[in-house]
Amino acid sequence: MTKRELAKKKAEAVILANAHRLYFVPQRAGGYVAELTREVAAELWAALSDIAHMRQNVSVISGDADYVVVSCRIEVMADDWRVEVEDIGEAWAKEFAEKQRGKEKQADNKPAQASATEDGESKNDGAMRHRMYRTASTRAIKRAIELLVGDLNSLLKGLAVLYGYKQANNKGALKAFPPAAAPVIRALGAGEIGVNEAIKGLAAVVSNGQTEKSHAGEA
(Lines give C-alpha, C1' and ligand atoms only; values in the text may rest on other atoms or scores of the structure.)
Protein backbone atom coordinates (compact mmCIF):
# COMPACT_ATOMS: atom_id res chain seq x y z
CA MET A 1 0.00 0.00 0.00
CA THR A 2 1.39 3.42 -0.96
CA LYS A 3 1.60 6.30 1.49
CA ARG A 4 -1.22 8.04 -0.39
CA GLU A 5 -3.51 5.01 -0.14
CA LEU A 6 -2.67 4.69 3.54
CA ALA A 7 -3.44 8.38 4.04
CA LYS A 8 -6.87 7.99 2.42
CA LYS A 9 -7.75 5.11 4.74
CA LYS A 10 -6.48 7.02 7.74
CA ALA A 11 -8.45 10.14 6.78
CA GLU A 12 -11.67 8.14 6.49
CA ALA A 13 -11.00 6.40 9.80
CA VAL A 14 -10.50 9.73 11.59
CA ILE A 15 -13.72 11.18 10.15
CA LEU A 16 -15.73 8.08 11.06
CA ALA A 17 -14.32 7.98 14.58
CA ASN A 18 -15.35 11.63 14.98
CA ALA A 19 -18.78 11.40 13.33
CA HIS A 20 -20.39 12.64 16.54
CA ARG A 21 -18.13 15.71 16.53
CA LEU A 22 -18.87 16.90 12.99
CA TYR A 23 -20.92 20.03 12.32
CA PHE A 24 -24.16 19.31 10.46
CA VAL A 25 -25.50 22.37 8.68
CA PRO A 26 -29.26 22.36 7.93
CA GLN A 27 -30.16 23.25 4.34
CA ARG A 28 -33.16 25.31 3.28
CA ALA A 29 -34.17 22.67 0.75
CA GLY A 30 -34.01 20.02 3.48
CA GLY A 31 -31.33 17.69 4.69
CA TYR A 32 -27.91 18.51 6.09
CA VAL A 33 -24.33 19.09 4.98
CA ALA A 34 -21.59 17.56 7.14
CA GLU A 35 -18.54 19.72 7.75
CA LEU A 36 -15.36 19.20 9.72
CA THR A 37 -15.01 21.17 12.91
CA ARG A 38 -11.73 22.84 13.72
CA GLU A 39 -10.93 20.12 16.26
CA VAL A 40 -11.62 17.26 13.83
CA ALA A 41 -9.58 18.97 11.10
CA ALA A 42 -6.67 19.26 13.55
CA GLU A 43 -6.93 15.57 14.44
CA LEU A 44 -7.05 14.69 10.75
CA TRP A 45 -3.95 16.74 10.06
CA ALA A 46 -2.10 15.10 12.96
CA ALA A 47 -3.00 11.62 11.70
CA LEU A 48 -1.76 12.36 8.19
CA SER A 49 1.43 13.93 9.53
CA ASP A 50 2.25 10.59 11.16
CA ILE A 51 2.26 8.97 7.70
CA ALA A 52 4.35 11.50 5.80
CA HIS A 53 6.21 14.74 6.42
CA MET A 54 3.69 17.49 5.66
CA ARG A 55 3.94 21.25 5.64
CA GLN A 56 0.87 23.50 5.74
CA ASN A 57 0.42 27.19 5.02
CA VAL A 58 -2.92 28.93 5.54
CA SER A 59 -3.32 32.52 4.36
CA VAL A 60 -6.14 35.01 3.91
CA ILE A 61 -6.88 35.99 0.31
CA SER A 62 -9.64 38.49 1.04
CA GLY A 63 -12.15 39.27 3.70
CA ASP A 64 -14.72 41.79 4.84
CA ALA A 65 -17.77 41.79 7.09
CA ASP A 66 -19.80 39.69 4.65
CA TYR A 67 -17.43 37.30 2.89
CA VAL A 68 -14.06 35.66 3.61
CA VAL A 69 -11.72 33.65 1.37
CA VAL A 70 -8.81 31.67 2.82
CA SER A 71 -6.17 29.61 1.00
CA CYS A 72 -4.47 26.44 2.23
CA ARG A 73 -1.29 25.08 0.64
CA ILE A 74 0.01 21.65 1.68
CA GLU A 75 3.32 20.11 0.71
CA VAL A 76 3.91 16.36 1.19
CA MET A 77 7.39 14.87 1.24
CA ALA A 78 7.64 11.06 1.41
CA ASP A 79 9.61 8.40 -0.44
CA ASP A 80 6.71 7.42 -2.72
CA TRP A 81 4.58 10.53 -2.36
CA ARG A 82 5.78 14.01 -3.20
CA VAL A 83 3.22 16.63 -4.09
CA GLU A 84 2.10 20.18 -3.39
CA VAL A 85 -1.55 21.20 -3.53
CA GLU A 86 -3.56 24.33 -2.81
CA ASP A 87 -7.26 25.08 -2.48
CA ILE A 88 -9.52 27.72 -0.96
CA GLY A 89 -12.24 27.85 1.65
CA GLU A 90 -15.01 30.43 1.86
CA ALA A 91 -17.44 31.64 4.51
CA TRP A 92 -20.37 34.06 4.40
CA ALA A 93 -21.75 36.09 7.28
CA LYS A 94 -25.29 35.12 6.34
CA GLU A 95 -24.43 31.50 7.21
CA PHE A 96 -24.14 32.46 10.86
CA ALA A 97 -26.61 35.34 11.07
CA GLU A 98 -29.71 33.23 11.66
CA LYS A 99 -28.06 31.10 14.32
CA GLN A 100 -26.67 34.20 15.99
CA ARG A 101 -30.12 35.82 16.09
CA GLY A 102 -31.50 32.68 17.74
CA LYS A 103 -28.83 32.87 20.44
CA GLU A 104 -29.59 36.52 21.09
CA LYS A 105 -33.31 35.80 21.52
CA GLN A 106 -32.53 33.10 24.06
CA ALA A 107 -30.37 35.40 26.18
CA ASP A 108 -33.04 36.40 28.72
CA ASN A 109 -35.27 37.43 25.81
CA LYS A 110 -33.32 40.68 25.60
CA PRO A 111 -31.56 42.11 22.54
CA ALA A 112 -27.82 41.60 22.70
CA GLN A 113 -25.98 44.74 23.79
CA ALA A 114 -22.78 44.96 21.76
CA SER A 115 -20.02 47.04 23.33
CA ALA A 116 -17.69 48.95 21.04
CA THR A 117 -14.04 48.07 20.57
CA GLU A 118 -11.25 50.56 19.91
CA ASP A 119 -11.64 50.32 16.14
CA GLY A 120 -15.39 50.95 16.28
CA GLU A 121 -16.46 47.33 15.71
CA SER A 122 -18.76 45.65 18.21
CA LYS A 123 -17.66 42.56 20.09
CA ASN A 124 -20.37 40.63 18.25
CA ASP A 125 -19.00 41.79 14.89
CA GLY A 126 -15.50 40.78 15.91
CA ALA A 127 -16.67 37.35 17.05
CA MET A 128 -18.56 36.86 13.79
CA ARG A 129 -15.51 37.83 11.72
CA HIS A 130 -13.31 35.44 13.72
CA ARG A 131 -15.79 32.62 13.20
CA MET A 132 -15.91 33.30 9.45
CA TYR A 133 -12.10 33.12 9.16
CA ARG A 134 -11.99 29.95 11.23
CA THR A 135 -14.71 28.27 9.15
CA ALA A 136 -13.11 29.31 5.85
CA SER A 137 -9.74 27.99 7.07
CA THR A 138 -11.23 24.62 8.05
CA ARG A 139 -12.91 24.32 4.64
CA ALA A 140 -9.69 25.21 2.85
CA ILE A 141 -7.75 22.58 4.81
CA LYS A 142 -10.40 19.94 4.10
CA ARG A 143 -10.39 20.67 0.37
CA ALA A 144 -6.61 20.65 0.18
CA ILE A 145 -6.51 17.30 1.99
CA GLU A 146 -9.04 15.98 -0.52
CA LEU A 147 -6.68 16.93 -3.32
CA LEU A 148 -4.02 14.88 -1.56
CA VAL A 149 -5.90 11.73 -0.56
CA GLY A 150 -8.98 11.70 -2.81
CA ASP A 151 -12.62 12.67 -2.50
CA LEU A 152 -14.04 12.57 1.03
CA ASN A 153 -17.39 14.11 0.08
CA SER A 154 -19.25 10.83 -0.43
CA LEU A 155 -18.29 9.79 3.09
CA LEU A 156 -19.41 13.12 4.55
CA LYS A 157 -22.63 13.06 2.51
CA GLY A 158 -23.39 9.59 3.82
CA LEU A 159 -22.90 10.76 7.41
CA ALA A 160 -25.16 13.75 6.73
CA VAL A 161 -27.91 11.45 5.43
CA LEU A 162 -27.62 9.26 8.54
CA TYR A 163 -27.72 12.34 10.77
CA GLY A 164 -30.83 13.62 9.00
CA TYR A 165 -32.52 10.24 9.38
CA LYS A 166 -31.78 10.19 13.11
CA GLN A 167 -33.04 13.73 13.57
CA ALA A 168 -36.26 13.05 11.66
CA ASN A 169 -36.95 9.95 13.74
CA ASN A 170 -35.82 11.31 17.12
CA LYS A 171 -33.03 8.76 17.36
CA GLY A 172 -30.42 11.11 18.80
CA ALA A 173 -27.01 12.03 17.42
CA LEU A 174 -24.51 9.98 15.48
CA LYS A 175 -21.95 7.83 17.25
CA ALA A 176 -18.43 6.93 16.23
CA PHE A 177 -18.10 4.39 13.42
CA PRO A 178 -15.32 1.83 12.86
CA PRO A 179 -13.16 2.06 9.70
CA ALA A 180 -14.98 -0.99 8.27
CA ALA A 181 -18.13 1.15 7.96
CA ALA A 182 -16.54 3.36 5.26
CA PRO A 183 -17.76 1.41 2.17
CA VAL A 184 -21.37 1.40 3.40
CA ILE A 185 -21.40 5.10 4.28
CA ARG A 186 -19.65 6.06 1.02
CA ALA A 187 -22.26 4.10 -0.94
CA LEU A 188 -25.04 5.92 0.91
CA GLY A 189 -23.46 9.29 0.21
CA ALA A 190 -23.05 8.42 -3.49
CA GLY A 191 -26.72 7.44 -3.73
CA GLU A 192 -25.90 3.82 -4.55
CA ILE A 193 -27.97 2.53 -1.60
CA GLY A 194 -30.81 3.89 0.51
CA VAL A 195 -30.72 4.74 4.20
CA ASN A 196 -32.53 1.56 5.26
CA GLU A 197 -30.06 -0.61 3.38
CA ALA A 198 -27.20 1.40 4.86
CA ILE A 199 -28.50 0.88 8.40
CA LYS A 200 -28.65 -2.87 7.83
CA GLY A 201 -25.14 -2.82 6.40
CA LEU A 202 -23.82 -0.85 9.38
CA ALA A 203 -25.50 -3.24 11.80
CA ALA A 204 -23.72 -6.11 10.06
CA VAL A 205 -20.39 -4.26 10.30
CA VAL A 206 -20.85 -3.70 14.05
CA SER A 207 -21.92 -7.32 14.54
CA ASN A 208 -18.87 -8.62 12.65
CA GLY A 209 -16.62 -6.37 14.69
CA GLN A 210 -18.03 -7.66 17.95
CA THR A 211 -17.63 -11.26 16.75
CA GLU A 212 -13.99 -10.63 15.85
CA LYS A 213 -13.33 -9.12 19.28
CA SER A 214 -14.98 -12.11 20.93
CA HIS A 215 -12.81 -14.54 18.97
CA ALA A 216 -9.71 -12.53 19.80
CA GLY A 217 -10.59 -12.69 23.47
CA GLU A 218 -10.96 -16.45 23.30
CA ALA A 219 -7.62 -16.94 21.57
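Predicted model: local features only at pLDDT ≥ 70, side-chain atom pairs only at ≥ 80, totals over all residues.

Tutor: Residues are numbered from 1 along each chain as its sequence is written, and side-chain values use heavy atoms, with hydrogens and water left out.

Student: How many aromatic pairs does the structure hold?

Tutor: Rings of Phe, Tyr and Trp (its six-membered ring) pair if their centres lie within 6.5 Å; planes under 30 degrees apart count as stacked, over 60 as edge-to-face and the rest as tilted. The structure holds three such pairs. One of them, Phe-24 with Tyr-163, is stacked, at 4.1 Å centre to centre and 5° between the planes.

Student: Which parts does the pair of Phe-24 and Tyr-163 tie together?

Tutor: Helices (H or I, at least four residues) and strands (E, at least two) are DSSP runs, numbered from the N terminus. Phe-24 is in strand S1 (residues 23-26) and Tyr-163 in helix H5 (residues 153-168), so the pair joins parts 139 residues apart in sequence.

Student: Is Tyr-163 buried or exposed?

Tutor: Buried means under 20% relative accessible area, exposed over 50%, partly exposed in between (1.4 Å probe, protein chains only). Tyr-163 is buried, at 16%.

Student: Why is helix H6 described as largely enclosed?

Tutor: Six of the eight residues of H6 (residues 182-189) are buried, so the rest of the structure largely encloses this helix. Among the buried residues are Val-184, Ile-185 and Leu-188.
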